[in-house]
Amino acid sequence: MKKNIYQMKTEIFKTKRGNKALFKKVKDTIKNKWLVAFPTETVYWLGANALDDDACKKIYLAKGRPSDNPLIIHIAKSEDLETYGEISFPYIYNLIKAFWPGPLTFVIKKKSIIGKTVSGWLDTVAVRFPSHPLAQKIIATCWVPIAAPSANSSWKPSPTSADSVIQDLDGKVDIIIDGGNTQVGLESTVLDVTGEIPVILRHGGVTKEMLEKVVWEIQEISSKNQEKRSPWTRYKHYAPETPVEISSPKERKEILKQIFSWEKVCFIGLNISKENNKQIFSFSSKKAFAKNLFETLRKCDTLNSKKIFIEQVDESWIGKALMNRIKKSAGVI
Ligand code: TXA
Ligand code: MG
């Protein structure tokens with residue numbers, strides 16, 4: 001029978017570093033225009049050959065992703081950035097030096113080698129050099145850049161564990177590599193560097209405060225021109241099945257009262273006294289909250305609750321990206 005993206009036999013491998021036989025399998029799969037899912041330092045990815053339009057189309061099909069939301073291409077060394085796009089301003093080199101490899105994606109003017117599918121018909125392309133050793137090794141082994149979004153169904157919370165990938169993509173990809181939970185837990189920062197002043201299109205693992213230490217000025221897209229420059233803002237994201245409501249610290253007492261009167265609601269936040277309650281998810285830092293947010297949202301869906309309360313955090317450092325994902329999951333942005 002001919003292979004079909006909706007009826008695949010998915011092979012699952014559990015390894016943090018990989019091995020020769022697995023790399024060969026991955027290389028053959030990518031070469032034959034099929035898909036592979038495995039961890040990066042931010043979230044799990046669903047990868048295909050970025051230079052092959054047909055392979056990239058399969059990513060959109062497997063995820064149910066709108067075709068005008070372009071993909072990030074991943075490279076295994078900084079120098080490759082110039083192969084795929086224009087480095088128009090010297091400050092880009094300073095950013096590369098400070099943050100690559102890592103959770104920072106550059107949007108640059110694309111070169112003609114980049115096809116329409118991967119770039120969503122835009123004249124720019126998004127490029128990232130990930131720091132996860134397994135991701136680096138796989139890109140280097142395949143000898144092509146890898147186009148990859150997060151390895152989840154389009155509107156669901158991004159996957160930060162292999163179990164979440166399996167939940168969404170079993171039967172739609174050839175290979176899933178289980179390399180454990182991802183470190184950062186939120187996606188990369190997407191930075192438009194096509195102008196004199198870099199513009200944050202999506203907050204992520206590299207914070208505005210970190211970027212400000214390297215460049216003179218940073219802008220954030222305003223809601224007016226958001227959709228034009230940042231395609232993902234048009235779509236629903238990170239939504240669990242259960243409705244999400246953002247709460248303020250002032251409401252904490254009330255929500256805890258609800259939970260302890262055996263109402264089926266979940267509560268996620270910083271430093272909440274849990275008293276071993278399975279509906280309360282408490283983290284000791286914003287970093288830990290960010291690392292675990294998406295998995296916790298998926299977990300809440302298994303608890304049959306009628307609502308998930310998430311307590312807001314301050315928006316400094318990783319708090320900005322964290323609140324962005326929380327607001328998206330609640331559908332308020
Ligand atoms: O950490 C990450 O960024 C993960 C890992 C796998 O690298 N990837 C990820 O991909 O989150 P995805 O597809 O979920 O998000 C890609 C983001 C979207 O916000 C998309 O709109 C934006 O990058 N993007 C891609 N190409 C773009 C372009 N040419 N102009 C503006 N935004 C672009
Ligand atoms: Mg995504």
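The views below show a predicted model.

**View 1. Side chains at ligand 1.** Ligand 1 is surrounded by 26 residues. T42, R65, N69, H74 and S188 are the closest of them. Three of these side chains place a polar atom at an oxygen atom of ligand 1: S188 at 2.5 Å, H74 at 2.7 Å and R65 at 2.8 Å. On its own, ligand 1 has 680 Å² of accessible area, and the protein covers 98% of that.

**View 2. The shell around ligand 1.** Two or more shell residues come from each of β4 (72–74), β6 (124–128) and β10 (199–202). β6 gives the most, with four residues. Sorted by class, the shell holds 15 nonpolar, six polar and five charged residues.

**View 3. The largest pocket.** Ligand 1 takes up the space of the largest pocket. This pocket holds about 660 Å³ of space. Its lining comprises 42 residues. Nearest the pocket centre lie N69, P70, I72, A126 and V190.

**View 4. Elements lining the largest pocket.** At least two lining residues each come from β3 (44–49), β4, β5 (104–109), β6, β9 (189–192), β10 and α8 (223–229). The largest share is that of β6, with four residues. By class, the lining has 18 nonpolar, 14 polar and ten charged residues.

Definitions and conventions
Residues are numbered from 1 along each chain as its sequence is written. Chains are lettered from A and ligands numbered from 1 in the order in which they are written. This is a predicted model: local features need pLDDT of at least 70, side-chain atom pairs count only at pLDDT 80 or more; totals for chains, interfaces and linings use all residues. Side-chain values use heavy atoms; hydrogens and water are left out. A residue is near a molecule or strand if one of its heavy atoms lies within 4 Å of it. A polar contact is a pair of N or O atoms within 3.5 Å; within protein, one must be able to donate a hydrogen and the other to accept it, and residues adjacent in sequence count only if both atoms are side-chain atoms. Accessible areas come from the Shrake-Rupley method with a 1.4 Å probe; for residues, only the protein chains shown count as cover. On a 1 Å grid over the protein atoms alone, a cavity is a set of points where a 1.4 Å probe fits but cannot get out, and a pocket is an open set with protein on both sides within 12 Å along at least five of seven lines; lining residues have an atom within 4 Å of a point. A molecule sits in a cavity or pocket if more than half of its atoms lie within 2 Å of its grid points. Ala, Val, Leu, Ile, Met, Phe, Trp, Tyr, Cys and Pro count as nonpolar, Asp, Glu, Lys and Arg as charged, and the others, Gly among them, as polar. Grid points are joined across faces, edges and corners, and a volume is the space filled by probe spheres set on the points.
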